[in-house]
Amino acid sequence: MERMFEGKTLVMTGAGCGYGMSSAFPLAFAKEGCNLVLNYYDGDSEDIKEYTKKLEGYGVKVVWVKGDISQEEVAKKLIATAIYEFGKIDILVNVAGISNPKLIEDISFEEWHRMLGVSLDSTFLTCKYAVPYMKKQRSGRIINISSQLGQKGSATRTHYTAAKAGIIGFTKSLARELGDYGITANCIAPGPVETQFIGKLDEDWKKKQASELPLKRYGKLDEVIPSALFLASDPGGNLYTGQTLGPNCGDVML
């Protein structure tokens with residue numbers, strides 16, 4: 001059976017931090033035939049080697065670009081590498097982000113800027129440098145990962161929610177700007193999802209939080225990833241632009 005993205009090129013940020021979605025997205029697209037250009041800031045070299053072998057097992061090529069994606073030169077290098085290796089960028093997925101819960105009076109100005117830099121600045125920069133190539137192609141899919149907290153807010157996360165809300169607004173404007181070129185731009189705003197990070201939290205706290213969700217449970221990664229595959233697909237995602245899909249167990253209803 002023909003794979004969904006055979007021979008296409010995906011560029012992704014935040015692929016090496018060990019967070020569940022960071023490894024799940026490339027794997028899902030590799031299974032569907034996508035060549036991958038992956039950015040990571042930090043990660044164990046042996047783990048990355050093993051993960052690369054797993055991805056390449058699906059018959060795709062994998063290229064890594066290390067660096068802080070909130071820095072302009074790293075973003076430029078990531079996009080330039082994709083063009084050098086594959087001559088095109090079909091799909092751009094911005095996943096890079098950090099979480100650092102604090103009360104607003106405890107958030108330093110440096111921490112505020114770092115939060116916005118990793119999530120929001122990086123999304124702007126990769127789009128800025130990828131869009132000219134997508135315009136020449138007159139095609140492209142941009143998928144930016146936000147959070148349901150960017151829609152509803154969260155105590156102790158003013159900096160995080162500001163960054164995630166900014167991604168949603170940025171994506172809506174980008175969608176209006178790029179529609180004439182056949183380029184779509186959408187968000188995914190997941191709710192609580194079982195990942196390595198969630199697994200470290202107190203079990204009683206997790207149960208209480210889950211009980212407040214309409215579905216009474218957290219999501220699983222394999223229930224979130226299909227949203228990205230759908231938005232990138234043809235014809236499935238063709239009419240979606242400026243949208244925010246919410247695999248969030250009903251935490252936010254729009």
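Predicted model: local features only at pLDDT ≥ 70, side-chain atom pairs only at ≥ 80, totals over all residues.
Local features require pLDDT of at least 70, side-chain atom pairs count only at pLDDT 80 or more, and totals for chains, interfaces and linings use all residues. Residues are numbered from 1 along each chain as its sequence is written, and side-chain values use heavy atoms, with hydrogens and water left out.

A search of the whole structure finds four aromatic pairs. Among them, Phe230 and Tyr240 are edge-to-face, at 5.0 Å centre to centre with 75° between the planes. Rings of Phe, Tyr and Trp (its six-membered ring) pair if their centres lie within 6.5 Å; planes under 30 degrees apart are stacked, over 60 edge-to-face, and the rest tilted. Because Phe230 lies in helix α9 and Tyr240 in the loop between α9 and β7, the pair ties together parts ten residues apart in sequence. Helix α9 spans 221–232 and β7 spans 244–245; helices (H or I, at least four residues) and strands (E, at least two) are DSSP runs numbered from the N terminus.

Phe230 is partly exposed at 30% relative accessibility, and Tyr240 is partly exposed at 31%; this class lies between buried (under 20%) and exposed (over 50%), with a 1.4 Å probe and protein chains only. With Leu239, these two residues form a nonpolar surface patch of about 320 Å² accessible area together. Patch members have over 30% relative accessible area and no salt bridge, and nonpolar side chains are joined within 5 Å.

Elsewhere, Tyr40, Tyr51 and Trp64 form one aromatic cluster. Two charges lie over rings (NZ of Lys or CZ of Arg within 6 Å of the ring centre and within 35 degrees of the ring normal):

| Charged residue | Ring | Distance from ring centre |
|---|---|---|
| Arg114 | Tyr41 | 5.6 Å |
| Lys128 | Tyr129 | 5.5 Å |

Definitions and conventions: Patch = residues over 30% accessible without salt bridge, like charges linked within 9 Å, V, L, I, M, F, W, Y side chains within 5 Å. Areas by Shrake-Rupley, 256 points an atom, 1.4 Å probe, with all protein chains shown as cover. Salt bridge = Lys/Arg side-chain N within 4 Å of Asp/Glu carboxyl O.
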